[in-house]
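Please walk me through this structure in plain terms.

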Amino acid sequence: MKSITPDQIINVSGKRITGNEKFHFQCHEKLACFNKCCRNLNLFLYPYDIIRLKQNLNISSDVFLDTYVDIILRPDNFFPDVLLKMTETDEKTCPFLTEKGCSVYLDRPDTCRTFPIEKGMLFNDNINNHTIISLFRPPDFCLGRHEHKSLTLNKWAEDQKAFTHNKMTEKWSLIKYLFYNDPWGSEGAYGPKGKMAFMAAYNIDKFRNFIFKSTFLKRYKVKTSMLKKAGKDDTVLLGIGFSWIKFFIFNIKSKNITIR
Ligand code: SF4
Ligand code: SF4
């Protein structure tokens, strides 16, 4: 989900869809474009995407990061972005693409789920003044846009079981917005604090060990109901991670986590 400022909105392409406005789209394997969209992508992965994908593949978040992603630091933001590494074939296909389609379909990333809608977060002047915008923008080769199925944003999210992904990406985008200002100083985004924050967002298995097997709980008090679930529920654990990043890096307090 991109962060957009009011002066950028004019340059954002695609048809903006709001509320119960209708659009037409359907994707199915009989279309000549089937699977064409799963190649040569800059596919950004968000923290909740990693949880679902590593669970689907039955591997640790560490192995997932080592095997499937590129990590980049874009010039306009001070927190690294994580992109799914395409295969090194001529077509640069997604590593999860098979002839039958997506092999991780039930746990596919938020961007794939929501496509051909792209979401953006429009910030007016501060983090508390934002709106989610939705843009319908299938590429030219995508034939699904000529199908007759009538949808609204809500119906599309329901069809794609995208509500949890969308909600978690939205929470992450609000944190990512904070990183448009440099919180690191001379140690930079890959310094010790940066590595800890990256772990809390993207390496959930390491973060679990950090919480339960270090002195973390002697130093921080975590909301009891969250802590009880966090050992077994990666999504709750990620919620603690998000709150901790805000507190640890930006001193933003919440009821989820306080210092002892
Ligand atoms: S290009 Fe569009 S219609 Fe074709 S498979 Fe991809 S999303 Fe579906
Ligand atoms: S994860 Fe699945 S839907 Fe997304 S690009 Fe890869 S194959 Fe396509």
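S173 counts as partly exposed, because 19 C-beta neighbours lie inside 10 Å of it, while a buried residue needs 20 or more. This description, like everything that follows, rests on a predicted model. S173 is part of helix α5, which covers residues 163–178. Once neighbours within four places in sequence are left aside, the contacts of S173 are M1, S3 and M121. E187 is 14 residues away from S173 in sequence, and the distance between their C-alpha atoms is 23 Å.

The overall form comes next. In the protein, the secondary structure amounts to 10 helices and 13 strands. The protein has a radius of gyration of 19 Å, close to the 18 Å given by the globule rule for 260 residues, so it is as compact as a globular protein of that length. Along the principal axes, its C-alpha atoms fill a box of roughly 60 × 40 × 35 Å. Buried residues make up 27% of the 260 residues. If one takes the contacts between residues at least 6 apart in sequence, 69% of them join residues at least 24 apart.

The protein is divided into two domains: domain 1 spans 2–160 and domain 2 spans 185–259. Their centres, taken over C-alpha atoms, are separated by 26 Å. To the contact between them, domain 1 gives 13 residues and domain 2 gives 11 residues. On the side of domain 1 that touches domain 2, α1 (47–57) and α2 (61–68) each supply at least two residues. The largest share of that side is the four residues from α1. By class, the residues on this side of domain 1 are 10 nonpolar, two polar and one charged.

Helix α1 deserves a separate look. How many of its 11 residues are buried? The number is eight, and α1 is mostly covered. The buried residues of α1 are P47, Y48, D49, I50, I51, R52, L53 and K54. Just after α1 comes N58, with a positive phi of about 60 degrees.

Strands also need a word. Strands of a sheet pair through backbone hydrogen bonds, and the pairing can be parallel or antiparallel. In this protein, an open sheet of three strands is arranged in the order β4-β6-β5, and its pairing is antiparallel. β4 (44–45) and β5 (69–72) are the edge strands, each pairing on one side only. Between β5 and strand β6 (residues 81–84), which run antiparallel, there are four bridges. Within this pairing, I71 stands opposite V82 in β6.

Around ligand 2 stand C38, L43, C94, F96, L97, C102, V104, R108, P109 and C112. The shell of ligand 2 has nine nonpolar residues and one charged residue, with no polar residues.

Definitions and conventions:
Residues numbered from 1 in each chain as written. Chains lettered and ligands numbered in written order. Predicted model: local features only at pLDDT ≥ 70, side-chain atom pairs only at ≥ 80, totals over all residues. Near = placed C-beta within 6 Å. Nonpolar A, V, L, I, M, F, W, Y, C, P; charged D, E, K, R; others polar. Buried ≥ 20, exposed ≤ 12 C-beta atoms within 10 Å, placed from the backbone. Contact = placed C-beta atoms within 7 Å. Domains from an automatic or database assignment. Pairing = 2+ DSSP bridges. Rg over C-alpha atoms; globule rule 2.2 N^0.38 Å.
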